[in-house]
Amino acid sequence: MIRLEQAHIEEVRGIRNLDIDFRKKTFAVSGPNGSGKSGVIDAIEFALTGEIGRLAGRGTKGLTIAEHGPHVDKKDFPDAAFVQLSVFFPDLNKSAKITRKVSAPRKPKIEPADADIVAAFKEVEEHPEITLSRREVLRFILAEPSKRSEEIQIILKLESIGQTRAALNTAQNKLNTALRAAEGSVQNRRDALQRHLQIKAFEAKELLDAVNQRRVALDLPPIDKLAADTKLDAGISDGDKLPQFNKQAALRDLKALDDAIGTLPTIGKKQADEILAGLTRLENEPALLSALQRHTLIEKGLSLVDGPDCPLCDHSWEDEGRLRAHLKTKLAQSQEAGKLRDAMTRAGADLAREAATICAALSAANKIATAEGEGATAGALAAWTKDLEGLRTALGTMDGISGLKDRLSTGWPALPAGLPDLLKTLTAKVDAKPDQSARIDAQTFLTEAQVRLSDYRDAMRTAVTSRSASDAAKAAYEAYCRAMEDELNTLYADVQKDFCDFYKKLNDGDEDSFTASFKPSESRLDLLVNFYERGMYPPGAFHSEGHQDGMGVCLYLALMKRLLGARFTFALLDDVVMSVDIGHRRQFCKLLKEEFPGTQFVITTHDRLWAKQMQSAGLVDGKSSLVFQNWTVETGPIVESDEGIWGDIDAALAKGKVLEASAMLRHHLEYAVPQLADNLGARALFRADGSYELGDLLPSVLGQMKDLLGKAANAANSWGNAAARDEASKRKDSLAASNGARNVEQWAVNKALHYNEWANFGKKDFQPVVVAFKELVSQFRCDSCQSWLYVMPRGSTPEVLRCSCTAVNLNLKAKGK
């Protein structure tokens with residue numbers, strides 16, 4: 001995959017113009033909420049994938065990259081919004097640049113455009129899962145089993161598993177429907193043959209008795225055995241064959257249709273009533289119908305709930321519990337509607353078979369009417385047949401069924417007016433025909449019998465083929481589900497092991513006996529975890545929010561390890577450990593360092609302590625960290641750097657914006673002073689809430705530095721090191737002479753000079769304050785490497801005051817007497 005070298009972001013989301021040197025190392029971006037950290041993640045994600053996940057998640061209806069990807073002041077000029085990344089590909093041992101504009105997210109510019117480079121970028125584009133934000137962490141842990149399965153399969157690029165399973169299930173259902181239709185056709189053809197033969201039982205003996213009785217009348221040898229190729233009219237030459245019309249058979253067919261018409265008020269009534277009841281219920285319960293239509297949407301929404309704001313409509317609820325209860329009620333309604341839908345479609349299929357039976361009777365009568373030249377009757381019969389075939393099609397889908405209420409209420413067969421009279425006229429016409437001689441009757445009887453037997457055999461062959469296809473589809477579906485379950489069990493066993501190992505490392509000493517169970521089934525993935533050896537429960541049952549966050553991150557890491565293995569070299573983690581307690585965050589650093597030494601993580605956090613922990617744990621260093629002091633819509637993120645901040649303050653003052661300049665100065669001091677207090681071991685009045693104001697810390701930092709420089713001068717004097725003594729004394733005198741230091745000392749005496757009053761100063765009054773504090777802050781930096789000074793070892797008895805490059809390296813330990 002990749003490692004990130006550098007990024008240039010311009011007019012994207014909340015960022016106006018920003019350059020970051022990642023140096024292919026794990027990198028931390030910290031700053032208060034709303035300072036623009038996530039904008040960095042958005043920009044990198046956009047450059048690599050052409051997508052911004054934040055614009056496609058919860059509450060994003062109506063949001064698009066084209067309209068909402070650019071900075072708000074450039075929304076009408078998307079061509080001005082772009083990101084350029086310098087990327088290193090370890091597998092290729094090559095570096096390349098990719099530039100992607102918001103105006104053309106699918107047309108990145110790649111330099112060099114070598115085939116292997118382009119292919120490598122394309123592969124990265126297909127892995128949006130490299131980005132993990134906190135809102136996505138819990139989707140693996142607290143999601144419904146079916147949605148968890150879907151989400152994890154997407155991460156592991158296994159979407160085709162569910163899609164294939166669904167396709168096989170759809171094929172199985174369609175072939176089963178075709179089988180039922182084929183079996184219905186067999187029944188109709190058998191009834192037609194049995195009616196013609198006038199036999200009570202559809203058995204070979206009775207069939208042959210009826211046939212042989214006519215064959216004897218024609219002096220034809222009887223048929224002893226009914227085989228698959230037996231012809232009932234065998235022996236009648238084609239020249240001797242008469243038209244198939246058999247008066248008695250025709251009368252029986254017409255009577256069959258007349259009898260069917262007589263049963264119309266009751267035939268299919270049960271199924272029609274069941275469908276009508278369902279339609280009426282859906283009409284009377286709009287919420288039930290709505291839930292049925294939005295079942296999938298509600299499931300997705302429930303999986304995305306993360307707080308009291310509804311992910312589907314952004315409506316704010318009193319608390320997350322009530323929102324979840326509301327969505328679960330809707331989901332339960334949709335499940336009930338699903339059951340109702342299934343019952344209605346089953347009734348529809350049964351009713352369609354009843355319609356098919358009527359169509360078979362109409363077909364036989366239509367042949368007779370056509371042969372007798374009764375065009376009006378034939379037309380009426382054909383029109384009714386067409387109408388019933390349309391009804392059968394409508395009964396096959398829920399959408400079709402929904403439009404049948406009026407027809408089902410007034411009588412689903414919709415018998416055409418006048419047809420019974422036309423049928424009576426046709427019957428009378430046939431009945432008035434002279435009776436056929438015994439020989440002609442026998443001959444036409446056998447000819448028609450053979451036609452109907454052939455139709456029955458064709459229907460049987462179709463049914464056998466349909467049965468074979470249906471059985472094969474069922475077998476394929478079941479075999480695939482078994483194989484899928486076996487493969488997923490193996491896959492999830494590997495993920496499960498890594499998940500447990502990572503989680504135990506994250507909670508070292510707390511949950512050493514932690515275990516988890518992944519249980520995949522057809523379309524679900526159940527997750528149970530051990531709660532302090534009290535049993536296996538869903539993660540949301542007893543574990544705290546912090547533990548759930550930890551599980552989510554660990555599961556993500558386990559999945560990425562399984563997906564990419566050694567090629568998991570890059571990931572964006574956007575504020576993913578905000579609920580993990582302080583003690584476990586150090587373990588998180590250890591987890592990333594030890595388990596993923598080859599992976600470059602870009603981590604954002606609003607927690608300064610966590611940012612410091614990453615440095616102290618060695619996950620990042622000063623050069624692989626970036627601090628956003630603040631953000632304004634005009635400037636974008638204001639980066640904490642001793643060089644840049646003073647230029648920004650001067651620019652604001654030049655425009656007469658004292659309020660803005662004073663806020664920047666104060667924010668910079670509020671960033672720098674706590675770090676100096678930590679570096680130098682400054683003492684301040686303890687606050688249980690850890691909320692130290694600038695006025696609490698800066699005087700103690702100033703005092704501590706004076707003490708340290710005094711100790712350094714004394715120590716150098718004790719060792720006879722005149723150069724070191726002079727350097728320490730010079731620094732101490734410079735600090736004491738600083739106007740900034742005098743300002744701090746006067747805060748307690750003159751409140752008008754206090755930082756709380758800076759916003760009320762005029763430009764001329766505030767400019768000296770800026771100069772004074774710039775001079776003061778410089779006293780705590782090395783002129784060569786620009787790093788903050790710090791003591792070693794940390795604690796009550798430090799031995800050296802130094803900088804990162806050791807250009808400043810003052811001994812604090814005096815020579816023993």
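Pro112 is located in the loop that lies between E6 and H3. The peptide bond joining Glu111 to Pro112 is cis, and its omega is about -10°. The model described here is predicted.

**Sheet and packed helix**

- An open sheet is built from five strands in the order E2-E1-E4-E5-E6, with antiparallel pairing.
- From one strand to the next, the twist averages 15°.
- Strand E1 (residues 3-12) runs antiparallel to E2, and six bridges join the two.
- Within this part of the sheet, His8 stands opposite Asp19, a residue of E2.
- Helix H3 (residues 115-125) packs on the sheet, where it touches strand E4 (82-89), strand E5 (94-101) and E6.
- The direction of H3 makes about 60° with that of E5.

**Cis peptide bond at Pro793**

- Met792 and Pro793 are linked by a cis peptide bond, with omega near -10°.
- Pro793 belongs to the loop between strand E15 (790-792) and strand E16 (800-802).

- Lys24, a residue other than glycine, has a positive phi near 65°.
- The loop between E2 and strand E3 (27-30) holds Lys24.
- Lys24 has a relative accessible area of 33%; because this value falls between the limits of 20% and 50%, the residue is partly exposed.
- Tyr532 is likewise not a glycine, yet its phi is positive, at about 50°.
- Tyr532 lies in the loop that runs between strand E9 (525-530) and strand E10 (536-537).
- With a relative accessibility of 32%, Tyr532 counts as partly exposed.

- Asn188 forms part of helix H6 (residues 159-197).
- The relative accessibility of Asn188 is 14%; this is under 20%, and therefore the residue counts as buried.
- Leaving aside residues up to four places away in sequence, Asn188 touches Ala356, Thr357 and Ala360.
- Asn188 and Ala459 are 271 residues apart along the chain, while their C-alpha atoms are separated by 9.3 Å.

Notes: Residues numbered from 1 in each chain as written. Predicted model: local features only at pLDDT ≥ 70, side-chain atom pairs only at ≥ 80, totals over all residues. Heavy atoms only, no water. Helix = DSSP H or I, 4+ residues; strand = E, 2+ residues; numbered from the N terminus. Buried < 20%, exposed > 50% of the residue type's maximum accessible area, 1.4 Å probe, protein only. Contact = heavy atoms within 4.5 Å. Pairing = 2+ DSSP bridges. Axes fitted to C-alpha atoms, helices over the stretch in contact; angles between N-to-C directions.
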